[in-house]
Amino acid sequence: MLIDEIAVVFKGGDGGNGKVSFGKMLRSGPDGGNGGDGGDLYLEAASDLTLLNQFSAKDEIQAQNGESGRKNKMSGVKGSDIVLFVPFGTNIKDVETLEEWNLEKVHERILLCKGGVRGKGNWEFRSPTNTTPRYAESGERGQKRNLFLTLKFIADFGLIGLPNTGKSSLLKELTNAKPKIASYAFTTLSPNLGVIENGKIITDIPGLIEGAHLGKGLGIRFLKHIEKVRLLLHCISSDSKDAIKDYQVVRNELGSYNKLLLTKREIILLTKSDLLDSSELKKKLKELSKTTKTVIKLSIYDHPSLEALKKVLI
Ligand SMILES: Nc1nc2c(ncn2[C@@H]2O[C@H](COP(=O)(O)OP(=O)(O)OP(=O)(O)O)[C@@H](O)[C@H]2O)c(=O)[nH]1
Ligand SMILES: [Mg+2]
């Protein structure tokens, strides 16, 4: 499961309260210490695109609170800062203030929620006119933000197409990913990610069917993922009865969801080429050349064809 959009609540730690106390000896005066400052909450970009998944089961994440002040003028310990890692390319929006941040590069870090300032203990409030202050400050609350995190980019290459066209099989052959593969439709329920040799990321988008933009099959959730891919690898199976029709069905879904998807760069992959003899293959390739897109035939059982594709991608 790849989460690419999620609402979260993040918070800085609360400042610790100041202490009210007095020394044991008669007239030894106030000795309540200050609280500790609350910890700050930072976000840092990292290269793992699945990092937003960590927030799915959590209501609120916060940095550590500062401790309260103690007797003998001892300050409470400062709360620890927390650094949360999110994928690079994450857009962060505060849904109340509408402030916005973009973490574009790995290791880029922002301070998102400041910890609350500590409260002063009663020792700090002593004065010649008030030698026995019986009050102390409360620590400030840590800064709390309601946020919406969106991953703007998922992969360099997205394998798309009708169900069962061999998308996941290709991902498995080209990368170290281990997607589920089976001879029925909708084997893949959410995109898997893999890395090809040059560090580029490739993903298998779950199969699209006619009406996907209206919610049929796995619906628009994955059309949304396609928006976040740079180049489309449109898989059409060699055993298709009508390759052009298969192509058009998927293109129609893309266009009905968002016209801009049709302007994305695209290469057609004629998959499972081992199922046809060479004259049948030629015929299929000729049909598909009507699309004016680059068409590459391949099979997971034909190693050189996979190497050739890798070269094109790199
Ligand atoms: N003969 C042959 N079969 C293949 C090839 N590639 C994949 N298959 C088979 O085709 C079936 C579907 O493969 P998947 O990789 O699961 O297809 P998919 O497009 O990811 O399917 P969905 O996730 O359901 O959309 C499996 O039984 C594969 O073993 C190929 O190059 N040649
Ligand atoms: Mg699949």
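Strand β13 (residues 265-271) and strand β14 run parallel and are joined by four bridges. Helices (H or I, at least four residues) and strands (E, at least two) are DSSP runs numbered from the N terminus, and two strands pair if DSSP finds at least two bridges between them. Within this pair, I268 stands opposite V295 in β14.

This is a predicted model, where local features need pLDDT of at least 70, side-chain atom pairs count only at pLDDT 80 or more, and totals for chains, interfaces and linings use all residues. Residues are numbered from 1 along each chain as its sequence is written.

Now for the whole sheet. It is open, with six strands in the order β10-β11-β9-β12-β13-β14 and mixed pairing. The edge strands β10 and β14 have a single partner strand each, so one side of each is left without a neighbour in the sheet.

| Edge strand | Residues |
|---|---|
| β10 | 192-195 |
| β14 | 294-297 |

On average, neighbouring strands are turned by 25° against each other, direction ignored. Helix α1 (residues 167-174) packs on this sheet, and its direction makes about 150° with that of β11. Axes are lines fitted to C-alpha atoms, for helices over the stretch in contact, and angles run from 0 to 180 degrees between N-to-C directions.

I236 touches I268, among others including L270 and L288; contact here puts C-beta atoms, placed from the backbone, within 7 Å.

The protein is divided into domain 1 (5-151) and domain 2 (155-313), with bounds from an automatic or database domain assignment. Their C-alpha centres lie 48 Å apart.

Note on methods: Chains lettered and ligands numbered in written order. Contact = placed C-beta atoms within 7 Å. Lists of a residue's contacts leave out its neighbours within four places in sequence.
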